[in-house]
Amino acid sequence: MEKAKVYFTKDLSSHSLVKLFDLLDKKLEGNVAVKIHSGEEGNQNYLRPEYLKEIVEHVHGTVVEANAAYEGERDTSEKHLKLLKEHGWLDAFKFDLLDETGPDIELNIPDGTQIKKNYIGKDFAKYDSMLVVSHFKGHPMGGFGGALKQLSIGCASAYGKAYIHGSGKPELLFDGDHDSFLRSMADAAGSVVKYFDGKILYINVMRNLSVDCDCCAIAEDPCMKDIGILASTDPVAIDQACIDLVYSSKDPGRDHFVERVESRNGLLTIETANKIGYGTKEYELIEVK
């Protein structure tokens, strides 16, 4: 596989999201889903609606999210929609809570390394293409969260999230084998990539670099200074590029972030996705001023 192109800018303005998207030179056709993370109640680090407004309008997209599998303010449609309203998503955009009602869409993963099925909200059937906008940050279980996490845990229905966490046994949720969970994320992400069949693009935003996810109600404040925005047609390459930017950083908080990634064996998700082959770790980083 040839090297993937990953565009990068240190300019974190909302206009840079559009600028990098356009450099990908690939139009998203039809009904476009824009996958975001809505932010758990109390979280201070998630990307806000006003920041994403320009890129969502640029692709004429519908912002989409799915319910959580664990207790909080996003684990039922009723609570999640209330929080979405409070966080400004419903007033800012056309919005679709993908698994508000069932039944889920069942995706087969015949070549999965850990799981052979993935479950996504039934409303995915409405969409022809997708832009995955990820807040790159750490994660209490996955080590880090970027495009691969958005594709897997992010796109999965509430049931699907539990299924991935439990590596095919949703009743285990947070009690399953950890490395199996990481490989399950790679499997699930690949199923969504296959579902959209090339009609999918990725933007990772490296700001508010906490070691905790936007799903945490009580999250650590950022430990590193903001780095920039990346865009690619390849989900593996864009996450690998973000990891490399963290590792090469001279920021005093770099070691704390790296410890979170390595203590959770987070790089296994990238390694597994690379091995499966729906993306590549080999990339060319193209800096845009």
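Predicted model: local features only at pLDDT ≥ 70, side-chain atom pairs only at ≥ 80, totals over all residues.
Two packed helices are described by the angle between their axes and the distance between the axes. Helix α7 spans residues 178–196 and packs with helix α10, residues 267–276, at an angle of about 45 degrees. The axes of α7 and α10 are 8 Å apart. The two helices are therefore oblique to each other, and α7 passes α10 in a right-handed crossing. On the α7 side, the contact is made by Asp179, Leu182, Arg183, Met185, Ala186 and Asp187. Helix α10 contributes Leu268, Thr269, Thr272, Ala273 and Ile276. Sorted by class, the contact of α7 with α10 has six nonpolar, two polar and three charged residues.

Helix α7 also packs with α5, here at an angle of about 85 degrees and with the axes 7 Å apart. The pair α5 and α7 is therefore roughly perpendicular. From α5, the residues in contact are Leu148, Leu151, Ser152 and Ile153. Their counterparts in α7 are Phe181, Met185, Ala188, Ala189, Val192 and Val193. The contact of α5 with α7 comprises nine nonpolar residues and one polar residue, with no charged residue. Met185 of α7 is listed in the contact with α10 and also in the contact with α5.

Helix α5 covers residues 147–154, and eight of its eight residues are buried, so the helix is largely enclosed by the rest of the structure. The buried residues of α5 include Leu148, Leu151, Ser152 and Ile153, which make the contact with α7. Also buried in α5 are Ala147, Lys149, Gln150 and Gly154.

Among the loop residues, Asn43 is located between β2 (32–35) and α2 (49–58). Asn43 has a relative accessibility of 5% and therefore counts as buried, the cut-off being under 20%. A polar atom of the Asn43 side chain lies 2.8 Å from the backbone nitrogen of Asn45. The backbone oxygen of Cys216 is likewise found 2.9 Å from a polar atom of the Asn43 side chain. When residues up to four places away in sequence are not counted, Asn43 touches Arg48, Cys213, Asp214, Cys216, Ala217 and Ala219.

Ala219, one of the residues touched by Asn43, sits in the loop between β10 (200–206) and β11 (228–232). With 13% relative accessibility, Ala219 counts as buried. Apart from neighbours within four places in sequence, the contacts of Ala219 are with Asn43, Gln44, Asn45, Asp212 and Cys213. The C-alpha atoms of Ala219 and Glu54 are separated by 27 Å, the two residues being 165 residues apart along the chain.

Glu282 occupies the loop between α10 and β12 (283–287). At 47% relative accessibility, Glu282 counts as partly exposed. Not counting residues up to four places away in sequence, Glu282 touches Glu2, Lys3 and Ala4.

Note on methods. Residues numbered from 1 in each chain as written. Heavy atoms only, no water. Axes fitted to C-alpha atoms, helices over the stretch in contact; angles between N-to-C directions. Helix = DSSP H or I, 4+ residues; strand = E, 2+ residues; numbered from the N terminus. Parallel < 35°, antiparallel > 145°, perpendicular 65-115°, else oblique. Left-handed = near helix turned anticlockwise from the far one by under 90°. Contact = heavy atoms within 4.5 Å. Nonpolar A, V, L, I, M, F, W, Y, C, P; charged D, E, K, R; others polar. Buried < 20%, exposed > 50% of the residue type's maximum accessible area, 1.4 Å probe, protein only. Polar contact = N/O pair within 3.5 Å; in protein donor to acceptor, adjacent residues only side chain to side chain.
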